[in-house]
Amino acid sequence: MPCFCQFFNKAKQYRAVSSAPKSDGASNTDQTDPIRGGSAVSASELVQLKAEVWTLRNALSDATAVNNNMQDAITQAVAEKYELLDELQRAKSEIATLETERRKERNLYCQEKDKFLQEIASYRVKINELSFLVDKISQQNIDLKQSLFEANDTVCKIGHKYMKLKSSGY
């Protein structure tokens with residue numbers, strides 16, 4: 001788009017062109033401005049108006065670019081928001097799955113722990129029973145040793161008496 005300076009020429013006067021021919025048949029050499037009620041427009045005013053139009057067009061194109069950039073930014077932000085929401089949903093479902101798995105593992109662990117505790121308790125009972133049996137067998141062993149000593153002592157006494165009897169001639 002050309003700069004408004006290219007349109008500036010002080011030597012000429014421009015007038016707005018009327019679309020309808022004059023009724024008197026004369027040529028239409030005067031240009032009138034329909035907005036200002038038919039008054040003539042000077043070249044400087046025309047240049048100012050064209051410059052203002054150019055400035056407004058530039059401002060409009062800048063505003064359009066900014067608007068497009070803002071729309072793109074908003075679209076991108078919304079897309080990122082939905083991506084984050086999708087990621088959040090995936091994370092929540094993964095957490096729920098992991099929580100379910102953790103509960104199952106915990107239940108399995110608790111069951112195994114209870115099983116081991118029951119086994120330990122049964123082993124303790126068996127150990128106590130075996131300890132009682134060992135004590136009982138030890139007591140019987142002591143009693144048997146005592147009986148053996150007594151029997152040995154009796155055999156020795158009988159052997160002495162036999163020896164006495166044999167030496168005495170019986």
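A salt bridge here is a side-chain nitrogen of Lys or Arg within 4 Å of a carboxyl oxygen of Asp or Glu. With that in hand I noted that Glu 99, Arg 102 and Arg 103 are linked in a network of salt bridges.

**Entry: confidence.** I am working from a predicted model. I looked up the mean pLDDT of the chain, which is 82, with 76% of residues at 70 or more. Residues 1-30 fall below 50 in pLDDT, and beyond near neighbours in sequence this stretch has 38 contacts in the model.

**Entry: overall make-up.** I found one helix and zero strands in the chain. Helix 1 takes in residues 43-168. Of the 170 residues in the chain, 4% are buried. I took down an accessible surface of about 15,100 Å² for the chain, 59% of it belonging to carbon and sulfur atoms. Among contacts with a separation of 6 or more, I read that 53% join residues 24 or more positions apart.

**Entry: annotated region.** I checked the UniProt record, an unreviewed entry, which annotates residues 74-108 as "coiled-coil region". In the model I see that this span is 100% helix and 0% strand, and its end C-alpha atoms lie 50 Å apart.

**Entry: nonpolar patch.** I listed the members of a nonpolar surface patch: Val 66, Met 70, Ile 74, Val 78, Tyr 82, Leu 85 and Leu 88. Together they have about 650 Å² of accessible area. I placed Val 66 in helix 1.

**Entry: salt bridges.** How many salt bridges are there by this rule? I count three.

I began with Glu 99 and Arg 102, whose side chains meet at 2.4 Å, N to O. Both lie in helix 1, three residues apart, about one turn of the helix. Glu 99 has 27% relative accessibility and therefore counts as partly exposed. Arg 102, at 40% relative accessibility, is also partly exposed.

I then followed Glu 99 to Arg 103, where the closest N and O atoms of the salt bridge are 3.9 Å apart. This pair is four residues apart in helix 1, again about one turn. Arg 103 is partly exposed because its relative accessibility is 48%.

I also looked up Asp 153, which forms a salt bridge with Lys 157, the closest N and O atoms being 4.0 Å apart. Asp 153 and Lys 157 are separated by about one helical turn because they are four residues apart in helix 1.

Terms used
Residues numbered from 1 in each chain as written. Predicted model: local features only at pLDDT ≥ 70, side-chain atom pairs only at ≥ 80, totals over all residues. Heavy atoms only, no water. pLDDT = per-residue confidence, 0-100. Contact = heavy atoms within 4.5 Å. Patch = residues over 30% accessible without salt bridge, like charges linked within 9 Å, V, L, I, M, F, W, Y side chains within 5 Å. Areas by Shrake-Rupley, 256 points an atom, 1.4 Å probe, with all protein chains shown as cover. Helix = DSSP H or I, 4+ residues; strand = E, 2+ residues; numbered from the N terminus. UniProt positions renumbered as here; feature names shortened; annotations may be inferred. Buried < 20%, exposed > 50% of the residue type's maximum accessible area, 1.4 Å probe, protein only.
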